[in-house]
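Please read it with the structure open.

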Amino acid sequence: FWADHAPRLQRNLEQAAAQYSFNAGAFTPFWRYLNRKPRLIDLDWWRQLGLTTITADLTVRGDAGEYAVITMLDETALDSDLRRDLEQIPAALVVAPGQFSRTLGHELAGDMRAFILRAMAAVVLLLALLYRNLRLMALALLPVGGGLLFMFGVMGWLGQPFNLFNIIAAILIIGLGVDYGIFIVASCRHGVACSSRRAVLVSALTTLAGFGSLVLADHPAMYSIGLSVLLGIAAAVVTALYVVPCCWRLCMADRQEG
């Protein structure tokens with residue numbers, strides 16, 4: 001602030017001083033004070049001001065001589081420059097609620113991504129044991145791909161953040177989507193009546209009614225889960241009921257031509 005406004009403020013102060021017949025050098029010590037490098041604020045500085053009781057309440061000393069400093073500083077004031085300065089202090093660790101939440105969320109998100117990959121690998125392995133046919137496996141996985149692609153695409157378009165709750169919803173979409181795919185593929189292979197498709201539709205509607213209602217919640221976590229499941233399951237059931245049968249007919253046509 002002082003670097004940006006010093007010339008104008010100094011000029012205004014000197015003009016006002018001259019108007020009231022102040023000595024020209026009356027404010028020289030003041031300018032020197034403002035321009036000098038400030039002293040590092042430490043515990044001794046606070047004690048010299050008579051604030052020993054306050055500093056005692058805001059500092060905790062450990063057995064090994066380390067200090068924990070508690071501050072009422074708003075977390076929004078922890079900008080990048082201040083964080084960088086604090087990181088340069090040896091053995092200094094900044095703990096703030098928002099930063100702790102972001103760090104924890106980042107670590108959990110990494111674990112949940114690994115869970116998604118493992119879940120997909122397990123699903124693919126089980127489908128390979130069930131069908132032993134790449135085409136049938138791909139058809140059964142179509143609802144999963146359609147649900148996840150639509151969910152991530154719409155959430156990205158809406159600017160919704162990708163968090164832990166979205167990942168939990170993604171695992172749910174994988175589990176239900178592959179079920180829909182298996183039932184519809186079985187219906188197409190064995191010529192089962194429309195009862196299988198109605199069962200898939202009813203199952204999806206009950207899931208949408210249960211989880212989709214969470215989009216009305218004010219809690220961010222519940223809203224995030226509700227929105228993710230609503231988008232993913234809706235796209236998965238549409239893919240299962242309409243895209244999978246069309247792809248099945250195309251596969252059968254190619255096989256007959258071959």
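The points below go from the overall fold to one helix pair.

1. This is a predicted model. The protein contains ten helices and two strands. Along the sequence the order is α-α-α-α-β-β-α-α-α-α-α-α.

2. Of the 258 residues in the protein, 26% are buried. When contacts between residues at least 6 apart in sequence are considered, 58% join residues at least 24 apart.

3. The largest nonpolar core has 41 residues, and the members that touch the most others are Leu-127, Tyr-180 and Ile-233. At least two residues of this core come from each of helix 6 (97-131), helix 7 (134-158), helix 8 (164-190), helix 9 (195-212) and helix 10 (220-257).

4. Which residues does Tyr-180 touch, not counting those up to four places away in sequence? They are Val-200, Ser-203, Ala-204, Thr-207, Ile-233, Ala-236, Val-237 and Ala-240.

5. Helix 7 packs against helix 8 at an angle of about 145°, and the two axes lie 7 Å apart. Their crossing is right-handed. On the helix 7 side the contact includes Leu-136, Leu-139, Gly-147, Phe-152 and Met-155. Helix 8 contributes, among others, Asn-166, Ile-173, Gly-177, Gly-181 and Arg-189. By class, the residues of this contact are 16 nonpolar, four polar and one charged.

How values were computed. Residues numbered from 1 in each chain as written. Predicted model: local features only at pLDDT ≥ 70, side-chain atom pairs only at ≥ 80, totals over all residues. Heavy atoms only, no water. Helix = DSSP H or I, 4+ residues; strand = E, 2+ residues; numbered from the N terminus. Buried < 20%, exposed > 50% of the residue type's maximum accessible area, 1.4 Å probe, protein only. Contact = heavy atoms within 4.5 Å. Core = buried A, V, L, I, M, F, W, Y, C linked by side-chain atoms within 4.5 Å. Axes fitted to C-alpha atoms, helices over the stretch in contact; angles between N-to-C directions. Left-handed = near helix turned anticlockwise from the far one by under 90°. Nonpolar A, V, L, I, M, F, W, Y, C, P; charged D, E, K, R; others polar.
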